[in-house]
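Me: I have not worked with this structure before. Please show me how to read its features, one at a time.
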Amino acid sequence: MMSSCDLASKECEPCKGGIAPMTPEEIDLMMPRLQGWTLSDDKTSLRRRFAFKGFLKAVEMANLAAWLGNKQGHHPDIAFGWGYCEVTFTTHEAGGLTENDFICAARLDALVA
């Protein structure tokens, strides 16, 4: 089984039309590779909430997640405010999760480790 370090060393593949989302079984095999991420009830997105003291660190985290998404060509949804930044990955083109979402989550974790 691939570890989170292995995932973090991979690059996202460009999304092409007609890509299928991962099956619930595939998702269940991938989730243990991530720490601190939660799966949406419908298994279509990954979310992690980062907590901070104050606003500036939350803004910096949002900028880091945006930079990573731009670098990987796989852009997260980001919400932030005083004391928090919440990052959500999903593959809109597939209508659910793909390996790209897990790669980006692992890469973000590696950046903040």
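Me: Which residues does C12 touch, leaving aside those up to four places away in sequence?
Reply: Contact means that heavy atoms lie within 4.5 Å. By that criterion C12 touches Q72, H74, N100, I103 and C104, not counting residues up to four places away in sequence. C12 belongs to the loop between α1 (4–8) and α2; helices (H or I, at least four residues) and strands (E, at least two) are DSSP runs, numbered from the N terminus. This is a predicted model, in which local features need pLDDT of at least 70, side-chain atom pairs count only at pLDDT 80 or more, and totals for chains, interfaces and linings use all residues. Residues are numbered from 1 along each chain as its sequence is written, and side-chain values use heavy atoms, with hydrogens and water left out.

Me: Is C12 buried or exposed?
Reply: Buried means under 20% relative accessible area, exposed over 50%, and partly exposed in between (1.4 Å probe, protein chains only). C12 has a relative accessible area of 12%, and therefore counts as buried. By contrast, A51 in strand β2 is exposed, because its relative accessibility is 68%.

Me: How many residues does helix α3 have, and what span should they give?
Reply: The expected span of a helix is 1.5 Å times one less than its number of residues. Helix α3 has 17 residues (56–72) and should span 24 Å; its end C-alpha atoms are 24 Å apart, which agrees. Just after α3, G73 takes a positive phi of about 70°.

Me: Which residues of α3 are buried, and where do they lie around the helix?
Reply: An α-helix has 3.6 residues a turn, so residues three or four places apart point the same way. In α3 the buried residues are A58, M61, A62, A65, L68, G69 and Q72. Seen down the axis of α3, these buried residues fall within an arc of 125°, so they line one face of the helix; the arc is that of the directions from the helix axis to the C-beta atoms. The cover over them includes β2 (46–51), β3 (77–81), β4 (84–89) and α4 (99–112). The face of α3 turned away from its buried side carries the exposed residues L56, N70 and K71.

Me: Which polar contacts does the side chain of T90 make?
Reply: A polar contact is a pair of N or O atoms within 3.5 Å; within protein, one must be able to donate a hydrogen and the other to accept it, and residues adjacent in sequence count only if both atoms are side-chain atoms. The side chain of T90 reaches the backbone oxygen of T44 at 2.5 Å, and a polar atom of that side chain lies 3.4 Å from the backbone oxygen of G96. T90 is found in the loop between β4 and α4 and is buried, with a relative accessible area of 14%.

Me: How many aromatic pairs does a search of the whole structure find?
Reply: Rings of Phe, Tyr and Trp (its six-membered ring) pair if their centres lie within 6.5 Å; planes under 30 degrees apart count as stacked, over 60 as edge-to-face and the rest as tilted. The search finds 2 aromatic pairs. The rings of W37 and F89 have centres 5.9 Å apart and planes at 40°, so this pair is tilted. Both W37 and F89 are buried. F55 and F80 also form a tilted pair, with 6.1 Å centre to centre and 40° between the planes.
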